[in-house]
Amino acid sequence: MILLDSVSKTYPGDTEPALDSVSLHIEPNEFVFLVGKSGAGKSTLMKMITKEESPDSGKIIIGGIDLDYVKKRHIPGYRRRLGVVFQDFKLLPRRTVYENVAFALEIAGMSGKEIRKTVPKVLELVDLLDQAKKFPHQLSGGQQQRVSIARSVARQPKILIADEPTANLDKLTTKEIIDLLKKINDFGTTILVTTHNENVVNTLQKRVITMKHGKIVDDQKNNGIYKLDESPIERPPARVVQTPGHALKTKRKLVQ
Amino acid sequence: MTKEEKALKEKKLKKVSKKGLRTMQKNRNRHIIREKARVVKYGTKGFGRNIWLSTAATVVMAITLIILFVTVVASVILTNTAEMMKDKIDITIYFKPNTSAEILEDLSNTIKADPNIKSVETSTSKDEYAKFLEENASSDEIINILDDDMTKMMIDKMQATMRVKVYDVDNLDSIKQIVEEDKLFRAYTDKEKLPTYDVNRAEIATITSWARIARTGGIVLAVVFLVISILIIFSTIRMAIFSRREEIYMMKLVGADKGFIRGPFLVEAEICGIIAGVVAGVISYFGFKFISPKLINYGIDVSSINNVLDSNQLIIVFLIFILAGIVIGRVSARLAVSKYLHKT
């Protein structure tokens, strides 16, 4: 679903590469966390996927499309195939909740009838149907993020990428958002989430890819855990949600 | 993987990618009309939701349209007034009393040979006397003393005249030459009363330069105001759009096409233009109607503008106002949005 092959990128004026020969393969229906400190290259990688940036070398294939062939005129159409959730929500401030979600469908050329049918369903999914007529500034941070998620999933994309979706939210709201992403993943959407929040990563027991200095330094396929200081860690048992059939690995070492 | 396998895989990937991209293009092309309708809907809603910025842009646009109208009108009425005054100026050539109408006709034909002559009007001594009577008809004192002897004496004393209007008041040398050198003119012109072209020269020169200033100055002023207006409106709309640049970025990130992003901004600017055009048109119309009697009192010729405003052409004037508002608004908005549209 998402394939990066030896992708490198150095921004003009920088001596260190933002991405250094990054290779990555995410299968359909996977839920993947992309973690790492600021400057590790997470955002650059996300921007490569959304085609905000282009790599200096390497290949990126998203949903079967080689991004080398995505010219400027194709970018809007390409982006419509993705669902994107942002840290700062990026909602249209002068449009209501309903209109924000409908916007994603309108730009895809959906008919008014289809939109009137789809938007309430999506708002119900994120539990915001009663807030449909409100403007973003009338909502809490968590609600705004749910609108953002509703907008990104309204077109039922095969891939949803979320850049620090819980960074501005409190613990309880963070849990709600992650649960929602999990629910969407259960419907069959491939999800890639960047985060700093170790609680979020560790409670969900999904694949965790760790980046450092523009490189992937660790890729834990299942039961991934992450500690902010990136030192070799022991999984604290109290923090981990045990699930049947999952053998808990007692020690994981993050490659420096 | 061998080189051949790699090449084959690459070929297949290219084919799949291109097919996927073609499908995306196809889907987009199918919905152009629907997209236009949505652009108009969001543009109209946006105008209401950004009412303060919309009002500011509309007011600035209306003011600049009024300034443009004033400039154009000032240029037209100044030119017309100067032309009217110029038209009033004629050269009067005086002939000996009792020069006959036939001779005046010959003199008239002689001077008409000059291409600078616009019109010639002759008047015999009797005609001049008739004019005198007409002008003084209300004065009983004068009428009472005009007995037959007095009448005869006056006709014998009054010069026959020729009033000449010219195209170019700056170029009177050829006429002067005819008056001074033509045999017939030399024989009949009154040597004691010289033609008026020397007397009026200073006046003629002043009016001519006024007319020239009004014409060229009016054009220059109109162009200067037009440029200033566009710059002011452009800055206002650019500021309005600057405050919404994040919105443009957001729309791009979720996959909106450039036309779909730009469209509502253009519609908003066009609505501003339409309202500004109507407001400016109404203010200009009533403003001019209020001020024109005062201008007429000062001897300024406002007839051409009044003729336009009092006829069916008023609709065209209003349409020009609205069209100017739409065009200026649209061009400004398009330039302002493009700046942020190409950034991300």
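Begin at the boundary between the two chains of this predicted model: select both, and you will find 28 residues of chain B in contact with 25 residues of chain A. On the chain B side of this boundary, highlight α1 (3-29), α2 (32-49) and α11 (245-253), each of which supplies at least two of the residues that touch chain A. Colouring the chain B side by residue class instead shows 9 nonpolar, 9 polar and 10 charged residues.

Staying in chain B, select helix α12 (residues 258-297) together with helix α14 (residues 313-341), whose axes come within 7 Å and cross at roughly 150°. Because an angle over 145 degrees counts as roughly antiparallel, α12(B) and α14(B) are described as roughly antiparallel to each other. Their crossing is right-handed, and the contact of α12(B) with α14(B) is made up, by class, of 19 nonpolar, 6 polar and 5 charged residues.

Now move to chain A and display its strands, where an open sheet is formed by 4 strands in the order β2-β1-β4-β5, with antiparallel pairing. At the edges of this sheet lie β2 (19-26) and β5 (65-66) of chain A, each of which pairs on one side only.

To see one residue pair here, select A:Ile62 and then A:Ile65, its bridge partner in β5(A).

How values were computed. Residues are numbered from 1 along each chain as its sequence is written. Chains are lettered from A and ligands numbered from 1 in the order in which they are written. This is a predicted model: local features need pLDDT of at least 70, side-chain atom pairs count only at pLDDT 80 or more; totals for chains, interfaces and linings use all residues. Two strands pair if DSSP finds at least two bridges between them. Axes are lines fitted to C-alpha atoms, for helices over the stretch in contact, and angles run from 0 to 180 degrees between N-to-C directions. Angles under 35 degrees count as roughly parallel, over 145 as roughly antiparallel, 65 to 115 as roughly perpendicular and the rest as oblique. A crossing is left-handed if the near helix is turned anticlockwise from the far one by less than a right angle, and right-handed if clockwise. Ala, Val, Leu, Ile, Met, Phe, Trp, Tyr, Cys and Pro count as nonpolar, Asp, Glu, Lys and Arg as charged, and the others, Gly among them, as polar. Two residues are in contact if their C-beta atoms, placed from the backbone, lie within 7 Å.
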